[in-house]
Amino acid sequence: MPDKNFDSLAERFENRIHSSLKGNIRQAVIWRDLVEQVPAINDNTPLRILDVGAGLGHFSLKLAELGHHVTYNDLSVKMMEKAQAQAEATNTQHHIEWLNLPYQTLSEKYLDNFDIVLCHAVLEWLEKPEALIPALKKLIKKEGYLSLCFYNPAGLIYRNLICGNFRYLDEIDSKQSDSGSLTPQNARDIQQVECWLQTEGFITKSMSGIRVFSDYVLNKRGGHQSQEDVLLKEVEYSNQEPYKRLGRYNHIVAISTY
């Protein structure tokens with residue numbers, strides 16, 4: 001399967017993911033992790049930041065508003081156009097460099113260039129996910145940071161166990177990719193990703209789970225009926241063992257040692 005281009009799914013992705021509780025949880029957990037592990041984000045010194053597979057540009061815009069030099073990159077023209085429209089609405093469009101390129105070509109211009117590289121929900125949509133981290137490593141300065149968010153295949157299995165979809169699990173390895181599905185078809189487990197990071201000289205500073213319980217709730221009762229309460233509890237338990245291992249996505253902040 002080729003690297004995923006979200007042009008055909010841009011509207012659906014925007015409506016179902018980012019304009020929802022799921023999107024709010026994801027943004028809250030990732031931002032909490034970034035601020036805690038990279039406190040320079042809130043200093044007055046501008047950082048050079050690359051957002052790979054930036055999609056609708058939530059983090060690109062947020063970081064640009066703080067005065068950082070942001071380079072946005074995505075394979076999808078439609079996703080980039082939506083991000084640019086949001087940037088115009090917040091008057092941050094001139095603080096962001098806009099690139100519509102395959103990530104594999106970025107090192108031709110930006111070798112060892114960035115203090116922070118963000119790469120969220122990209123790995124699991126690639127033809128060769130094992131090539132991603134070595135490519136990103138080339139873009140990061142020594143002692144620079146990587147914010148890597150990726151789909152957790154264990155979460156899919158766990159949800160189907162809870163729902164009793166045993167036949168689905170028995171056939172999951174033989175299922176073909178659905179071009180209209182928002183369920184990734186090329187995910188890798190956290191042990192594999194951590195091995196890739198270690199091989200490339202990264203040290204993991206933090207690991208959190210995103211949506212560690214709310215996706216598994218079949219009958220919404222009590223606090224589950226309040227999106228605000230669910231968001232607060234998701235953030236609270238997102239970096240605690242063993243709950244963080246149950247997240248539908250993992251978020252790792254790692255530092256490059258060479």
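Visitor: In which sense do β5 and strand β7 (residues 249-256) pair?
Guide: This is a predicted model. β5 and β7 are joined over seven bridges. The sense of the β5 and β7 pairing is antiparallel.

Visitor: Over how many bridges do strand β4 (residues 114-120) and β5 pair?
Guide: Here the sense is parallel. Phe-114 has its bridge partner in β5, namely Ile-140. The count of bridges between β4 and β5 is six.

Visitor: Which helix makes a β-α-β unit with β4 and β5?
Guide: The unit formed with these two strands is right-handed. Its strands, β4 and β5, pair in the parallel sense. The helix covers residues 132-137 and is α6.

Visitor: Why is strand β5 (residues 140-151) described as largely enclosed by the rest of the structure?
Guide: β5 has 12 residues. Buried here means under 20% relative accessible area. β5 is largely enclosed because its buried residues number nine of the 12.

Visitor: How many residues has the largest nonpolar core?
Guide: Ile-41, Tyr-72, Ile-96 and Ile-116 have the most contacts inside it. Helix α2 (residues 21-37) gives the largest share of this core, six residues. Another core lies apart from it, with Leu-132, Ala-135, Leu-139 and Leu-146 among its 29 residues. The largest core has 41 residues.

Visitor: Which tryptophan is in contact with Tyr-72?
Guide: Neighbours within four places in sequence are left aside. The contacts of Tyr-72 then include Asp-51, Met-79, Met-80 and Ile-96. Also among them is Trp-98.

Visitor: Is Asn-160 buried or exposed?
Guide: Asn-160 lies in helix α7 (residues 153-163). Beyond four places in sequence, Asn-160 touches Asn-165, Tyr-168 and Leu-169. The relative accessibility of Asn-160 is 8%, so Asn-160 counts as buried.

Visitor: Within what arc do the buried residues of α10 fall, seen down its axis?
Guide: Helix α10 (residues 227-237) has Val-230, Glu-234 and Val-235 buried. The buried residues of α10 line one face of the helix, because they fall within an arc of 130°.

Visitor: Which residues are exposed on the other side of α10?
Guide: The buried residues of α10 have a cover that includes α2. On the other side of α10, the exposed residues are Glu-228 and Leu-232.

Definitions and conventions:
Residues are numbered from 1 along each chain as its sequence is written. This is a predicted model: local features need pLDDT of at least 70, side-chain atom pairs count only at pLDDT 80 or more; totals for chains, interfaces and linings use all residues. Side-chain values use heavy atoms; hydrogens and water are left out. A nonpolar core is a set of buried Ala, Val, Leu, Ile, Met, Phe, Trp, Tyr and Cys residues joined through side-chain atoms within 4.5 Å. Buried means under 20% relative accessible area, exposed over 50%, partly exposed in between (1.4 Å probe, protein chains only). Helices (H or I, at least four residues) and strands (E, at least two) are DSSP runs, numbered from the N terminus. Contact means heavy atoms within 4.5 Å. Two strands pair if DSSP finds at least two bridges between them. A crossover is right-handed if, with the strands pointing away from the viewer, the path from the first strand over the helix to the second runs clockwise. The arc is that of the directions from the helix axis to the C-beta atoms.
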